[in-house]
Amino acid sequence: MEVSRDHITHLLNALYTEGITTISVKHPCEEIGELLKIDISDPVATRVTFTQGAITYQDAREEIHPTYGEQAYDELPNKETYIRALVGGGLIDIENSDQVTRFFRQQGYPDLDSGHQPVALGIDTNLFAWRMTDALELDPERYTDSKGRSPVNGFALTTGVYDELKWHHNHYETRSLETAFGSEFARLDNQPAGSNREGILGLHEYRRLRDHRYADTIESEKGDEEIIEAYAAYDQNSRKRVILLSNDYGFIELARDSGVLAQHVSFPVDIPRSVTVSWDEIQDALYTLTVLFGVLQLPKVTLYGVWNGKSGDDWQQQRLDVDCRSENVRAKLQRDRAVTTEYEATK
C-alpha cells in the first residue's frame, strides 16, 4: 500500500489504535538494528529516543564492509548523512541555529510596504535534500513574523544546481544486499542506489520549490564559480536581493567576495539522547530515513523508501510503500487514507 509523506500520521494512528504506543524503528540488518524509539502516546509532545548516536551508528556501519562487501556498505548512509536526515526530518536542529536566525532577522523579513527590496533565497546543492525551507522556517507560504512579514519572498534557483543534483545510479542486482540485510532488499532493483537517493531527494525538493513556490530560474553551468557568478548577475540586474545558503565554507566566501549575501549552515556532529516533537516531525523524519535506508521495520509494518516499480510520480508525491504485517493495521490505514484522499480531492 502506497502512503504519501503527509499521510504517515495515519500509520501512527493505526498503530496507536492497536495499542502500540512505543514504536521501534529498525534497519533489517542485525548489525545495524534499532535506530530510534518513538513514544507516540502524546501526539503533541512525542518523545524520540535515539538508540544509536552518530558514532555508534558509524561503528556499526563500518562492521558491514569486511563482512558483506562494498555494495552493502555503500547502501547505508554515512553518519553525516544520518545526522542531516534527522535535521531535514525536523527532529534535531542545525548546529548554528542562533547565528542563522540572527542573520535572517538582519537581512531578511523585508518590509515591502516601506519600499524594501524583495529577498530571493538561493540554496546550494549540498542542502537541497534536507528541506532547509522548513528546517529553518524560511518558507514564505508557511512562516511570518509578528508583523506578517516573510523571511524571504521567494526563491532563485540556478540550473547549475539542478544539474548537480542528478545523481542517478540504479541497482541492477541486489543479491549482495539480500545476503547482508535480508530478503526485503530484493525489491530495490532498478532504483537509485545508496547515496544517490540523497540526490533524488534534493532533485525533487528543487522541483517542488520551482513548481509550487514563487521562484525565478537562473541559467548557469555547474560548479561553484559558475553558480555564484549567475547569482551575482541576478542580484545586480534584478530588483531583488539574493541570500545564499550553503554547507560549504568555500562557497560562502566566494559568494561574499562576489557581493552576494550568504550564510553558512552547520550540521551537528552528534545526536542528542532524546528529543520531544510532534507527529508532524515524526512523519517527515520517517519519510526521509526510509528513503535513505531503503527499508525500515516498525511494529506490524515494513516501510519501503524505494521499491521496484517506484515511479517518478511516486518520488514527486513523496510516497512510501507500506507492507502491513497486521490486517487490523492495514484496514485502519486504508480507511483513514481513503477518507483523507476524498477530503483533499474536494478542496
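**Helix packing, aromatic rings and buried residues**

Ring pairs link Tyr 57, Tyr 82 and Phe 293 into a cluster. Rings of Phe, Tyr and Trp (its six-membered ring) pair if their centres lie within 6.5 Å. The model is predicted: local features need pLDDT of at least 70, side-chain atom pairs count only at pLDDT 80 or more, and totals for chains, interfaces and linings use all residues. Residues are numbered from 1 along each chain as its sequence is written, and side-chain values use heavy atoms, with hydrogens and water left out.

Tyr 57 and Tyr 82 also take part in a helix contact. Ala 54, Ile 55, Tyr 57 and Gln 58 of α2 meet Lys 79, Tyr 82 and Ile 83 of α5. Contact means heavy atoms within 4.5 Å. Helices (H or I, at least four residues) and strands (E, at least two) are DSSP runs, numbered from the N terminus. The contact residues comprise five nonpolar, one polar and one charged. Here Ala, Val, Leu, Ile, Met, Phe, Trp, Tyr, Cys and Pro count as nonpolar, Asp, Glu, Lys and Arg as charged, and the others, Gly among them, as polar. Helix α2 spans residues 54-62 and helix α5 residues 79-88. Their axes come within 9 Å and cross at roughly 135 degrees. Axes are lines fitted to C-alpha atoms, for helices over the stretch in contact, and angles run from 0 to 180 degrees between N-to-C directions. The two helices are therefore oblique to each other. Angles under 35 degrees count as roughly parallel, over 145 as roughly antiparallel, 65 to 115 as roughly perpendicular and the rest as oblique.

Helix α13 (residues 279-293) packs against α10 at an angle of about 140 degrees, and the axes are 8 Å apart. That makes α10 oblique to α13.

The structure holds seven aromatic pairs. In one of them, the ring centres of Phe 128 and Tyr 206 are 5.4 Å apart and the planes lie at 45 degrees, so the pair is tilted. Planes under 30 degrees apart count as stacked, over 60 as edge-to-face and the rest as tilted. The pair joins distant parts of the chain, 78 residues apart. Phe 128 sits in the loop between β5 (119-123) and α7 (132-135), and Tyr 206 in helix α10 (residues 196-212). Phe 128 is buried at 2% relative accessibility. Tyr 206 is buried too, at 2%. Buried means under 20% relative accessible area, exposed over 50%, partly exposed in between (1.4 Å probe, protein chains only).

Leu 177 lies in helix α9 and is buried at 0% relative accessibility. Beyond four places in sequence, Leu 177 touches Gln 71, Ala 72, Glu 75, His 171, Gly 182 and Phe 185. Leu 177 and Glu 75 are 102 residues apart in sequence, yet 8.1 Å apart in space, C-alpha to C-alpha.

Phe 185 is also a contact of Thr 174. Thr 174 lies in the loop between α8 (159-164) and α9 (175-181). Thr 174 is buried, with a relative accessible area of 6%.

Asp 189 and Trp 307 are 7.2 Å apart, C-alpha to C-alpha, across 118 residues of sequence. Trp 307 is in the loop between β12 (301-304) and α14 (312-316). Trp 307 is buried at 3%.
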